[in-house]
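This briefing concerns side-chain packing and helix arrangement. Please consult the sequence and the structure displayed below while reading.

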Amino acid sequence: MSEEPTPGLKEIPPAPQAGPREMWKKGGRLLSVLLAVNVLLLACTLISGGAFNKVAVYDTDVFALLTTMMLLTVLWILFYLLRTVRCPDAVPYRDTHAGPIWLRGGLVLFGICTLVMDVFKTGYYSSFFECQSAIKILHPLIQAVFVIVQTYFLWVSAKDCIHVHLDLTRCGLMFTLTTNLAIWMAAVVDESVHQAHSYSSAHGNSNTSHARLTPDPERAGSAAGGDPCPCDTTICQIFQQGYFYLYPFNIEYSLFASTMLYVMWKNVGRLLASPHGHGHSPSQVSLFRETFFAGPMLGLVLFVVGLAVFIIYEVQVSGEGGRTQQALVTYYSFNIVCLGLMTLVSLSGSVIYRFDRRVMDHHKNPTRTLDVALLMGAALGQYAISYYSIVAVVVGTPRDLLGALNLAHALLMIAQHTFQNVFIIESLHRGPPGAEPQETLPKEPCQGLTFANLDALHSLPACPPTPRLVSPSSDGPQEARAIILAPRGHWRRRCLKDISLFLLLCNVILWIMPAFGARPHFSNTVEVDFYGYSLWAAIVNICLPFGIFYRMHAVSSLLEVYVLS
């Protein structure tokens, strides 16, 4: 006996069933992850083996692998772009959260610096072309093409939720991500070995004699003890020093591209509520708008002072040995002040959120999920270095001013990372301005209410004498609807914008210092004497790149916090 439908109720159609390709989403992701893991392990093996003289893996092998990976990636990107142009239904949805303008702008900036680095590399290897392998000159040229093509691809396609050739697209995106990670790994290993050579040259330490620079021509003849390609001309030395100083930009470019590619990989086959995505997206970025100017001004002061401290530190450490301790005292003192202020400011931001009535945003957002995971994961590198330093200072000897500064610096580094992560993560999960719950509206009747006529304004208590009204049409009657806008300059919003800008500028200067060569971990001999150079160098070379990446990723997240506050 069939049931009759209840009058007045509309039957809800059943939800559409996922097609066979969408049902295989987990399998397609697993296949692409397995491909990426195997390729990344192969690259890791060659890159790490190529960094040591006692391993029979040469730089030409590493360059050949990276060049091949970049060529395959360029071919796949061109195939992707041509396919999406020919198939209008290939991208039915766009994720508004993915690829924000500041992230793509940072990618373009670091990409330009990487292109300059490739020019310096090409000039460096061309200085002794007669004794070089062709792959050494071909590698920076192919990398320049790779950077140009990938930057254009991420600029136009970062928001794509593609729905054709799902498995092939997942594998292509994951292979592209792996290529960027391999380039990042090669640059980190190269820079770490370069720093180890600089330390061994300055201190006469023989423990680093087994290491070699990945791109240096001396590697071909180092096993035989010769130097077939000396870099003894002025132009050659300029090219060599130039591309070493540009390595931090290449490292950040690879990491920025990797994060954007991961979000694209998560969005393959994704279904959204509307073709333009969901959620809120800032329409414009207006710097220093609606702030008290205290945060930007104090941040700029610390930025300028930090640059001066960094220059003084580099000059004194690389100069006479008697001024190293003075340079370390200056460096640690500035960092202690900066980290202490950042900790207090982050705590203030978290306290302000206790009085914020905006609702939490619980929508599915792969970009935000990745941001949180990267902030928490990258902070582990600096946590590890700080805890190793604490143990060395507390247990080891001697106990002097430098040890006390080192201990305070390590403790504040842990506190600053912790409270800054809490502030950023809570900010990213807040709704946009005006997303207050409905039950709070009667408390502030002049904000966000809609009236049928303007006479209703006079019956509202505590309304300002000159409310801001927006009429939906200029030619309508006087009784047309009027919307009273919430005051944009609320003190909580201004404080949050000041806090985000202050933290942003401080993170930039704390990125510049280690990224461009500041290594107090080795100039201060407390940890080196306690752990031994080999163990301490391994700890720093593994963990410090994550700490450097944390600073730049925090800058990107804080800029988003500023826009959404």
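Is the crossing of α10 and α11 left-handed or right-handed? In this predicted model, α10 and α11 make a left-handed crossing.

**Helices α10 and α11**

- Helix α10 spans residues 294–318 and helix α11 spans residues 324–353; their axes come within 9 Å and cross at roughly 160°.
- Because angles over 145 degrees count as roughly antiparallel, α10 is roughly antiparallel to α11.
- On the α10 side, the residues that meet α11 are L302, V305, G306, V309, Y313, Q316 and V317.
- Their counterparts in α11 are T324, Q326, A327, L328, T330, Y331, F334, C338 and L341.

**Helices α11 and α13**

- The axes of α11 and helix α13 (residues 401–428) come within 8 Å, with a crossing angle of roughly 30°.
- Angles under 35 degrees count as roughly parallel, and α11 and α13 are therefore roughly parallel to each other.
- The crossing of α11 with α13 is left-handed.

- Apart from neighbours within four places in sequence, F153 is in contact with W76, I77, Y80, L81, A158, L173, L261 and M264.

Note on methods:
Residues are numbered from 1 along each chain as its sequence is written. This is a predicted model: local features need pLDDT of at least 70, side-chain atom pairs count only at pLDDT 80 or more; totals for chains, interfaces and linings use all residues. Side-chain values use heavy atoms; hydrogens and water are left out. Contact means heavy atoms within 4.5 Å. Axes are lines fitted to C-alpha atoms, for helices over the stretch in contact, and angles run from 0 to 180 degrees between N-to-C directions. Helices (H or I, at least four residues) and strands (E, at least two) are DSSP runs, numbered from the N terminus. Angles under 35 degrees count as roughly parallel, over 145 as roughly antiparallel, 65 to 115 as roughly perpendicular and the rest as oblique. A crossing is left-handed if the near helix is turned anticlockwise from the far one by less than a right angle, and right-handed if clockwise.
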